[in-house]
Amino acid sequence: MSFAHLHVRSCYSFLEGTIRVPALVRRVRELGMDAVALTDLGQMFGIWEFYRLAVKEGIRPIPGAEFHVAPRGRRSHPPGEEASTLVFLAMDMAGYRNLVRLTARANTEGFFHRPRVDVELLKEHGEGLAALSAGTLGEIPALLRQGNYRAARDCAEGYARLFPGRFHLEIRPEGPDSPREEREGLKELARAMGLPLVAAGECRCLDRSEEGAYEVLRRIRQRVPIDYSALAVKFGGGHLSLMGPEKMRDDFSDCPEALEQATALAGRCLVELPQRRAFSAPRPDIGEGVRPSEDFRERADDFLLKAARKGLDRRLAEMESRDTTFDDRRRELYNDRLRRETEDVLAVGASQYVLVVADYAARARSQGIELGPGNGPAASSLVCWALGITDLDPVELGLAPEFFINPEARDYPRVEIEAPPERAAEIISYITETYGGSHFAAHSLSLEHLRGRALVREVGRAFGFPLKEMDDLCGMLPDHSGIPLETALKEISLFREAADRNPVIRKIVDVSLVLEDIPRAAAASPFSLVVSPRLLRDSVPLFLDFGAMGGRRPDTAVQFDACGVEENGLLRFDVSPRKTLSLLSTALRLVEHNGGRLDLSAVPLDDPGTLALMSEGNTSGIPFLGNYWVAGALKTLKDLSFRDLIALRALHPPLFNDFGVCSEFLEARRSGKRRPAPHPALEPVLAPTWGVFLYLEQLAEAVDAVTRCGFPLAELLVRAMARDDTDELAAKRPPFLSLGEANGFHGGSAADIWDRLVFHSRISPSKGDAASRALLSYRTAYVKAHYPSEFLDAFISQDDTNPQEREKALKEWRTSFIRLVPPPGRGAWGAWPRRRPRRAVRDTRDAYPLIGRRLLPQPIRDAFPRTGKTGPCSTKFLQGKGGVTFTPRTASRTAFAAYGLHGAGASGQERLSAHERAPDGGSVVRAFGLWIP
């Protein structure tokens with residue numbers, strides 16, 4: 001066995017390393033080493049990615065971590081404390097589990113600037129762990145650098161007793177941070193105490209070219225400027241990079257036994273993490289968790305079968321009552337589909353997961369929370385439709401069940417529900433309280449990366465670059481981080497010229513290219529929850545997000561990504577906030593307040609009024625449909641149907657525009673002439689979309705038509721195309737072409753179809769996802785078409801409505817003769833005036849941020865809630881007898897636009913009547929009582 005590095009920090013040490021995990025594995029393989037350890041500082045974020053990639057490349061991964069050791073206990077926070085570090089390596093599965101527990105407790109119990117452990121934790125969770133004395137931050141090397149040999153020996157004796165036979169002295173190559181005194185002292189300690197001396201390099205970057213960027217990264221964390229010209233002198237020896245075995249032999253020629261000990265220790269670390277553990281219920285008895293009845297004690301699989309069958313019968317009975325053509329053949333089609341899906345769900349052990357999602361979805365609806373019709377893969381599931389999780393009929397819309405759960409891949413399904421942002425936290429709280437509490441549930445991981453403008457700004461600040469010039473430089477870049485810096489350097493001429501003209505900017509750009517996409521911090525995903533039947537700290541490493549909940553109370557989150565959570569057999573529940581549902585919820589409450597009742601799940605998809613509204617382009621205020629491109633397309637389509645809406649949703653955001661797909665589809669749809677398919681065998685596949693590839697389902701059907709491999713295998717290939725898996729595509733292309741030739745796709749047609757499929761897979765959504773979003777937009781349009789006053793009221797009452805969109809929506813309503821009536825005072829939003837005019841809308845927004853509270857008369861101040869905000873104060877109020885009057889000439893344009901009044905009113909003058917007392921004793925201001933002409 002060759003040399004193995006045992007002290008390596010990756011980019012998951014957060015501004016303490018530049019090594020990406022995939023690059024680390026590739027570099028180790030190139031250097032001919034067959035083992036390597038990952039020891040991030042107080043974290044295990046990259047362990048599962050590291051383990052998975054290393055095993056794939058034939059390299060033995062060694063899970064580890066480096067922790068600060070609190071000298072006075074992990075719960076003490078003395079000012080100015082400088083905790084030293086120790087490196088821990090998992091030698092077996094017991095050691096790995098203890099490493100997980102140490103990480104969880106160091107982050108949740110001992111965090112003080114850094115995750116910390118203490119002697120108590122090391123005694124409790126030290127089994128199966130090998131300890132190294134660490135390097136620069138280690139207590140023993142620091143004492144030796146100070147010349148305090150006796151204290152260093154006492155410290156080593158203490159750790160040797162704590163880790164009998166498993167404590168090692170780490171010796172580093174000689175460099176600026178590892179003087180000869182330290183190396184000689186470690187050798188003497190090893191001889192005197194009989195401790196093994198292990199050679200290790202403090203690997204912080206992949207090679208010498210990244211050492212300067214690593215120092216800049218540290219200065220970003222420390223907020224201390226750096227002189228870039230001195231970096232080449234300070235980091236010329238390569239002592240921070242991942243060195244090969246030959247270089248390590250040269251550096252340790254005076255103590256070759258340290259290299260042998262490193263190799264021997266790596267050979268003793270044999271950890272085989274379980275692959276795809278069985279999924280577990282949040283509670284030992286799923287019946288108590290789902291609570292379908294008080295006396296439920298049956299197995300989850302049996303209950304899922306019964307619940308899905310009962311739900312499907314109810315759905316089919318509703319369909320039969322609406323559709324007289326519904327027959328036994330269609331019923332059998334649904335029954336067969338349900339039978340296949342439930343078999344697949346039970347095969348992967350996901351019945352408990354689906355039942356829990358059905359439970360909290362039903363609970364949310366019972367609490368009056370308006371949920372979305374479906375989202376992601378769950379939109380294609382008949383089981384989810386039968387259980388009431390989604391409102392999309394996958395059979396009617398032709399959605400493939402393989403996109404929910406593929407029997408060939410045996411992947412675990414993912415069900416995500418949508419909820420209004422202001423009520424999504426209620427669902428998360430219910431899941432936490434019902435399925436185990438805080439010790440069994442934690443939030444999912446969300447990483448913040450250094451990208452785009454933010455990255456360039458941070459690097460510039462580390463160089464001490466002038467702020468004004470940095471603002472000008474960042475202004476050349478896009479305001480989003482989706483474009484890589486390398487692409488921006490090629491395509492944005494101003495940015496490229498600035499780098500070529502100024503050598504400092506060139507250095508900033510070069511360092512930014514090295515640091516791009518490095519994670520800088522971790523956060524808890526507020527609407528995603530991981531639930532375990534066991535104590536979470538015994539299952540996965542945890543950390544605290546101190547920025548969550550407005551800084552009031554830190555949230556606990558797991559350190560593993562979605563794949564790591566799944567591999568550990570834990571369940572993840574996702575709630576997606578959707579602002580459109582807030583709009584619909586408010587509109588439905590207003591409909592009910594006015595004596596009406598509306599069930600969006602019963603809205604017909606061929607409603608003439610809704611289709612007419614979309615065909616006329618009256619879609620302002622409706623998410624997605626209000627987009628100018630979509631509204632223009634809707635007006636040009638004849639015989640508009642819901643399936644056209646799905647197609648337009650797949651074409652938006654108009655990624656397809658860059659490649660001409662949008663124009664191809666719209667031209668074919670308007671003319672009624674389908675575009676020719678690449679091969680006659682693909683005509684049935686492309687017929688529903690007028691000869692154009694739009695959905696991932698169509699790509700899988702095309703693969704099946706060419707290879708005749710079956711839809712499940714075809715879906716797996718399309719999945720590889722969508723994630724741009726280069727290695728897998730290179731391996732799958734020759735069989736695809738040979739099968740195509742054998743099945744009649746001659747003359748290069750198979751190769752042409754392959755290229756088309758690869759191209760479309762990168763920009764096409766699944767039909768289920770497009771259909772779910774289209775249905776949400778359609779329901780919003782239905783509310784606007786049939787309840788215009790309530791819709792406008794809900795729309796203008798949103799706090800985050802864009803002023804331009806707001807004014808545009810009000811202009812559209814001028815022909816609707818809808819009146820704006822007074823907002824309520826301090827009372828609830830539902831407190832209408834006693835005599836509400838017909839087809840009237842309340843203006844419930846708070847204008848203080850735009851008008852300025854101190855300029856309002858006292859009666860008006862009393863009628864509005866205090867916000868503590870002030871804004872433009874150019875509005876001039878003229879207080880007259882019996883009330884307050886202001887005109888567009890004396891009030892600011894911003895203030896009028898805030899209330900949707902700018903440009904409205906033929907007279908150019910609006911009145912704010914005198915303050916009155918409402919019948920219920922609450923303050924009501926009768927404001928802006930005008931008819932929109």
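View 1. Helices (H or I, at least four residues) and strands (E, at least two) are DSSP runs, numbered from the N terminus. This is a predicted model: local features need pLDDT of at least 70, side-chain atom pairs count only at pLDDT 80 or more, and totals for chains, interfaces and linings use all residues. Residues are numbered from 1 along each chain as its sequence is written, and side-chain values use heavy atoms, without hydrogens and water. Of 933 residues, 55% count as buried (under 20% relative accessible area, 1.4 Å probe, protein chains only). Contacts (heavy atoms within 4.5 Å) with a separation of 6 or more are 73% between residues 24 or more positions apart.

**View 2. Helix α18 covers residues 421-434.** The end C-alpha atoms lie 21 Å apart, which agrees. Buried residues of α18 are A424, I427, I428, Y430, I431, T432 and T434. An α-helix has 3.6 residues a turn, so residues three or four places apart point the same way.

**View 3. Helices α28 (residues 642-650) and α35 (residues 767-786) cross at roughly 115°.** Their axes come within 8 Å (lines fitted to C-alpha atoms over the stretch in contact; angles run from 0 to 180 degrees between N-to-C directions). From α28, F642, R643, L645, I646, R649 and A650 make the contact. From α35 come K767, A770, A771, R773, A774, L775 and Y778.

How values were computed
Expected span 1.5 Å × (residues − 1). Buried < 20%, exposed > 50% of the residue type's maximum accessible area, 1.4 Å probe, protein only.
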